[in-house]
Amino acid sequence: MSTMVKVRRRIPPYLFVGAAAVYLAIFTATPLLRGVWLSFTDTKLLNPDGGTFVGADNYRNLLTEDRFLSSVVTTLLYTTLTVVGALVLGTAAAFAINERFRGRAVARAVLTMPWAAPSIAVVLVYTWIFNVEDGVANRSLAALGIGQQGWLLDPDRGLLAVTLVSVWKVFPFIMLVVLAALQSVPSELRESGRIDGAARLTIVREIVLPHIAPTLRVAALLMTIWSIRRFEIIFLLTGGGPVDSTNTLVINVYREAFQNSELGRAAAIGMLGLCLSLVVTVVYFVVDGRSARKEAS
Amino acid sequence: MKRWTGAGVGRWLAVVVLVVFAGFPIYWMLNTALTTGDERFVGQSLWPKLSRLGNLFEVFDSGVPLLRWLGNSAVIAVGTTFFSLALAVLAGYGLSRYRHFAGRGLVAFALFATQMLPEALLIVPLYALFVSLGLMNGLLGLVLANTAFAMPVAVWIIKSAVDGIPYEVEEAARVDGAPRFAIFAQVTLPLVTPSIAAAAVITFFDGWNEFLFASTFIRSTEKWPASKGLSSFIGEYITPLSTVFSASLVFTVPAIIFFLLVQRRIISGLTAGSVKG
């Protein structure tokens, strides 16, 4: 085969993938690299090109600041609560609507709505629901004899409220993923379990769960990295407050850049947040590889 | 007659609880949109005033520039969809059909990695880039920024759909001597149209909903998309709640309808395509 033919055979994949790759290089990779550079400088918002190299100072300072460390804790707490909440609720919802019943299509549609609703509309309605004086949450609690809660204003409630809204928004994703996986469980498998006289729960544990586990793991990974970077819902509900109680890393990046004008520090915070996501992803692939091998053997 | 088993009742209860939990805030948007001004203080009824349904559309004459906002959102959304699909149809096909080429792993990883990137981190470098390209305060800049985040998801959805088309379908055409690109365009693409439609919906609403870029890159209020416009109601107590939530509904309902139509394909694309490279 002549070299010319070889070259012509090698070109096609790049014709298809090239444009997207170049696009990502310009609008994602280059800004990201610039962000890496910024994180080693003392750049200010008002003079974005005038920063000087300061080595690892931003990182060193951040890692010794209580405010930053508590932001890491808030991120981990928010992410864990949201992921666990969404997994539990989403899986429960999937099992609840997996079998046929009257009204199933309607139930499924209503259960999908939160995922489809634009974040800004979600935030508006939850701000109103959680309104201290007139919101339906506190009015209902008052009817039960429970006093006013400061949902979005009370530092002890802020993270809870933000997590609740986030779980509400994203659990349908898990539900739909699990539902799709459940419907791919071969019915013979279930039948054989039933003939053996196995109890419902045993069938679920021994047959259904192993079958949906790989999908569930992928969904959990996506849910985790999405939670680490979630911005709009938190920013618009609380802006990181009250008293920093919902100040996740991503909110912190925004505040540091646009409220404190510290672009260098903001970039460093963003990088550390990104590292967190990378660690989670690597752990996922290690665990996934191990379980896949276990399931295969 | 079906027996009422314990498990049956349990499931029925679970469904009711979940449906109320999921549906209530959406319902509350509608209910509040149908109120009159003074109800806020006397306590809003749990039941909607359906007789006021016609008043929902008064929001267009309320002085809130909703039509202009929605128009801007639509421009951003259409642009994002156009660029994302143009890139993703090609890339999705390429990643599915060519398994071994230098840089494939890198491209696949980059596509996945965008899901981890906080937009807030990219804002500052993008800001600098847009200033130098003269894209500040324009809808095109938003389209380009949104495409960077929406396109990878579209690639996965389309790639996983192409994965599902047996290669033999293309080989038959190949034997007849059709060039590769013609096979792609005339044989494979028509078979994955439903997934392309799903990708179109998800990218469209990525652009439609996007808030952070819109609120940092747009200065003039007449270029605000609806996400930014609606966010100006937060913490503002002058606009009547019925107006705020009528506007929210007008913004939300199209998203819900389209998502419901295509969600199955989005799900399979996201989970199958994202990680299995």
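Trainee: How many helices and strands does chain B have?

Mentor: Chain B has twelve helices and zero strands. A helix here is a DSSP run of H or I with at least four residues, a strand is a run of E with at least two, and both are numbered from the N terminus. Reading along the sequence, you get α-α-α-α-α-α-α-α-α-α-α-α.

Trainee: Where do the numbers and letters come from, and what kind of model is this?

Mentor: Residues count from 1 along each chain as its sequence is written, while chains are lettered from A and ligands numbered from 1 in the order in which they are written. The model is predicted: local features need pLDDT of at least 70 and side-chain atom pairs count only at pLDDT 80 or more, whereas totals for chains, interfaces and linings use all residues.

Trainee: What is the confidence in chain A?

Mentor: pLDDT is the predictor's confidence in each residue, from 0 to 100. Chain A averages 89, and 95% of its residues score at least 70. Helix 1 (residues 3-10) of chain A is where confidence is lowest, at a mean of 63, and helix 3 (residues 57-64) of chain A is where it is highest, at 96.

Trainee: What makes chain B a two-part chain, by which bounds?

Mentor: The assignment gives domain 1 (6-60) and domain 2 (64-275) of chain B; such bounds come from an automatic or database domain assignment. The C-alpha centres of the two lie 31 Å apart. Their contact takes twelve residues from domain 1 of chain B and 14 residues from domain 2 of chain B, where contact means C-beta atoms, placed from the backbone, within 7 Å. Helix 1 (residues 6-33) of chain B gives the most to the domain 1 side, with four residues.

Trainee: Which chain A helix gives the most to the side that touches chain B?

Mentor: In total, 76 residues of chain A are in contact with 72 residues of chain B. Helix 2 (residues 12-38) of chain A gives the most to the chain A side, with 17 residues.

Trainee: How many residues on that chain A side are called nonpolar?

Mentor: 59 are nonpolar, with ten polar and seven charged. Ala, Val, Leu, Ile, Met, Phe, Trp, Tyr, Cys and Pro count as nonpolar, Asp, Glu, Lys and Arg as charged, and the others, Gly among them, as polar.

Trainee: Why is something called a nonpolar core?

Mentor: Because it is a set of buried Ala, Val, Leu, Ile, Met, Phe, Trp, Tyr and Cys residues joined through C-beta atoms within 7 Å. Buried means 20 or more other C-beta atoms within 10 Å of a residue's own, exposed means 12 or fewer, and partly exposed is in between, with C-beta atoms placed from the backbone. The largest core has 169 residues, and A20(A) and A88(B) are among those with the most contacts inside it. This core draws at least three residues from each of domain 1 (6-60) and domain 2 (64-275) of chain B.

Trainee: Which residues is A20(A) in contact with?

Mentor: Leaving aside neighbours within four places in sequence, A20(A) is in contact with L87(B), A88(B), L90(B), A91(B), M151(B) and V155(B).

Trainee: Which spans of chain B does UniProt call "transmembrane region"?

Mentor: The unreviewed entry lists several, including 74-95 and 136-158 of chain B; annotations may be inferred rather than shown by experiment. In the model, residues 74-95 of chain B are 100% helix, with end C-alpha atoms 30 Å apart.

Key. Contact = placed C-beta atoms within 7 Å.
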